Amino acid sequence: YQRRVHGENGKMKLPPGIKRICLDVGTSLLSPSSAAWMDAHPKDLLVLAFEPNVFSHSLIAYSSHPIMAHNPKRWVFFSTECKMYNNQRIGPTLVTWYTHCMNTSYGHLVRHRKHFKPTNVAASNVNGFVRFNLGVGDPGVGSIYDFKPGTQWTRPDAQHENWGQSTVAKIRLDSVLKYIPEDIIFEELKIDAQGHDAEVVAGVGRFLPRFKCIIGEFDTSNYAAADKKDVNYEKLLRDAGFVFVANGVWVNRRFADDFKKGLYVCSAFDVQPQPHNINAALARG
């Protein structure tokens, strides 16, 4: 991120027109939350994405690169079946590829590539390096923690799909957010860190009150040592002005007026909080 800092003010140089940002921590293979945000807000939203799994990050970085938009035949997923649609031979036009051949998530990433910045790091509450468990079967279950004995990923018959381990940099998010210009609105922090969500919240530091919405799993049940830590994320969020809605959704009462007016981003791929539930939570305080 220091390479992206320009100018005398020492802040990150953002693409033209950017007025707000979302942070996607733990994108997995498809980065569906980022794709949906940018598709809904294509002009003024920048997404900073943090994915510690090197394979997931590589796929996202590769498939969202502008070259893919101009040379769709270069897709690693190109197949004979994708040359046919409705029993007719078709050409690899962008609409065809993104609508019928590829996951639409990747299409959104390509179209908004300049507003999407993926980085291969683990968000945490300390800076440094850490051993990363790349997952078993689904790389989306990878974590800085090992799986608890007895979980589906520790079964002997699952180990042929063990992705192994890697070493990845880990950073506090406040070490990045300090480079964001002061006039930029912090919309949402989405966290899917597989047992490490609380530490991600702690790593936001003094910038926590600037976010309107935070959505996290906060589930440590599948990972060894994940529930043996002294980070009280609920206290951190409440002290920063947040109230709990449901399903891992927290909203900041400092922005109650924006929520009433619908001026916010607060969603994830599998979590879509309804406006009336958000405003009811804010009313309760």
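Buried, in this tour, means under 20% relative accessible area, exposed means over 50%, and partly exposed lies in between, with a 1.4 Å probe and protein chains only. Helices (H or I, at least four residues) and strands (E, at least two) are DSSP runs numbered from the N terminus. The model is predicted, and local features need pLDDT of at least 70, side-chain atom pairs count only at pLDDT 80 or more, while totals for chains, interfaces and linings use all residues. Residues are numbered from 1 along each chain as its sequence is written, and side-chain values use heavy atoms, with hydrogens and water left out.

**The whole chain**

Begin with everything displayed: the chain has 10 helices and 14 strands, and 51% of its 285 residues count as buried. Among the contacts (heavy atoms within 4.5 Å) with a separation of 6 or more, 74% are between residues 24 or more positions apart.

**Helix H7**

Select residues 197-204, which form helix H7. Eight of the eight residues of H7 are buried, so the helix is largely enclosed by the rest of the structure. The buried set consists of Asp197, Ala198, Glu199, Val200, Val201, Ala202, Gly203 and Val204. Directly after H7 comes glycine 205, with a positive phi near 60°.

Now centre on aspartate 197, which is buried with a relative accessible area of 2%.

Leaving aside neighbours within four places in sequence, alanine 202 is in contact with Asn125, Arg172, Val231 and Leu236. Show serine 124 as well: alanine 202 and serine 124 are 78 residues apart in sequence, and 7.6 Å apart in space from C-alpha to C-alpha.

**Phenylalanine 218**

Return to phenylalanine 218, which sits in the loop between E12 and helix H8 (233-239). Phenylalanine 218 counts as buried at 16% relative accessibility, and has a positive phi of about 55° although it is not a glycine.

Two terms are needed here: on a 1 Å grid over the protein atoms alone, a cavity is a set of points where a 1.4 Å probe fits but cannot get out, a pocket is an open set with protein on both sides within 12 Å along at least five of seven lines, and lining residues have an atom within 4 Å of a point. Grid points are joined across faces, edges and corners, and a volume is the space filled by probe spheres set on the points.

The largest pocket has a volume of about 360 Å³. Of the 22 residues that line the largest pocket, select Lys190, Asp192, Glu217, Phe269 and Asp270, which are the closest to its centre. Helix H1 (32-40), strand E11 (185-191) and strand E12 (211-216) are the elements that give two or more residues to this lining.

By the rule used here there is one cavity of 30 Å³ or more, and the largest cavity has a volume of about 190 Å³. Of the 20 residues that line the largest cavity, Gly26, Pro52, Gly142, Asp192 and Ala193 are the closest to its centre.

Finish with helix H10 (residues 275-284), whose buried residues are Ile278, Ala281 and Leu282. Seen down the axis of H10, these buried residues fall within an arc of 100°, so they line one face of the helix; the arc is that of the directions from the helix axis to the C-beta atoms. The face turned away from the buried side carries the exposed residues His276, Ala283 and Arg284. The cover over the buried residues of H10 includes strand E13 (242-246), strand E14 (249-252) and helix H9 (256-261). Just after H10, glycine 285 takes a positive phi of about 75°.

In the loop between E13 and E14, select asparagine 247, which is exposed with a relative accessible area of 63%. Phi of asparagine 247 is near 55°, a positive value in a residue other than glycine.
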